[in-house]
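I opened this entry to look up disulfides.

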Amino acid sequence: MPTYEGDLRLANGPSPSAGRVEIYLNGAWGTICGYSSSWHRQDANVVCRQLGLGDAINQYSYSNLYGQGSGNVWMDEVACTGSEPGLESCPHKRDTQVRSSCSHYYDVGVQCRNQPPSPPPPPRPSPPPPP
């Protein structure tokens with residue numbers, strides 16, 4: 001399966017629906033900084049939905065719960081409202097704007113519900129025509 005700019009994956013988790021959040025940018029996988037608790041439930045919800053895993057159950061800032069990543073720290077100060085179609089649509093600092101204090105110690109993680117949203121109910125049948 002090809003990898004595209006802005007793709008996400010969860011790494012080093014106990015299941016496919018939990019792990020360290022990694023994003024593919026500039027041709028390489030990297031992580032997201034949660035320094036000073038700047039990673040919130042709205043951010044985690046956008047990640048889980050982008051991955052098709054429903055809403056977030058938990059979000060983790062600099063917890064090392066899923067281990068430290070390697071390579072670049074691509075994003076910092078992510079501030080989603082929760083309605084964005086993907087993480088890159090959320091306000092954030094990227095690449096050279098990332099704080100120098102953002103080491104992999106602060107890599108963020110999520111635990112997703114692993115249940116896609118329910119489809120809408122089918123439309124009600126039309127009433128029979130009058131006699």
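My notes on the cysteine pairs follow.

I am working from a predicted model. I searched the whole structure and found 3 disulfides. I counted the bonded cysteines along the chain and got the pattern 1-5, 2-6, 3-4.

Entry one: C33 and C102. I read 2.1 Å between their sulfur atoms, which form a disulfide. The pair joins distant parts of the chain, 69 residues apart. I placed C33 in the loop between β3 (28-32) and α1 (41-50), and C102 in the loop between β6 (93-94) and β7 (109-112). The S-S torsion is about -75 degrees, so I logged this disulfide as left-handed. Buried or exposed, I asked of C33? C33 has 1% relative accessibility, so it counts as buried. C102 is buried too, at a relative accessible area of 8%.

Entry two: C48 and C112. Their sulfur atoms lie 2.0 Å apart in a disulfide. I found C48 in helix α1 and C112 in strand β7. These are distant parts of the chain, 64 residues apart. The torsion about the S-S bond is about -80 degrees, so this link is left-handed. I noted both C48 and C112 as buried.

Which hand does the link of C80 and C90 have? It is right-handed, with 100 degrees about the S-S bond. C80 sits in the loop between β5 (72-76) and β6, and C90 in the loop between β5 and β6, so the pair ties together parts 10 residues apart in sequence. I marked C80 and C90 as buried.

Definitions and conventions: Residues are numbered from 1 along each chain as its sequence is written. This is a predicted model: local features need pLDDT of at least 70, side-chain atom pairs count only at pLDDT 80 or more; totals for chains, interfaces and linings use all residues. Side-chain values use heavy atoms; hydrogens and water are left out. A disulfide is a pair of cysteine sulfur atoms within 2.5 Å. Helices (H or I, at least four residues) and strands (E, at least two) are DSSP runs, numbered from the N terminus. Buried means under 20% relative accessible area, exposed over 50%, partly exposed in between (1.4 Å probe, protein chains only).
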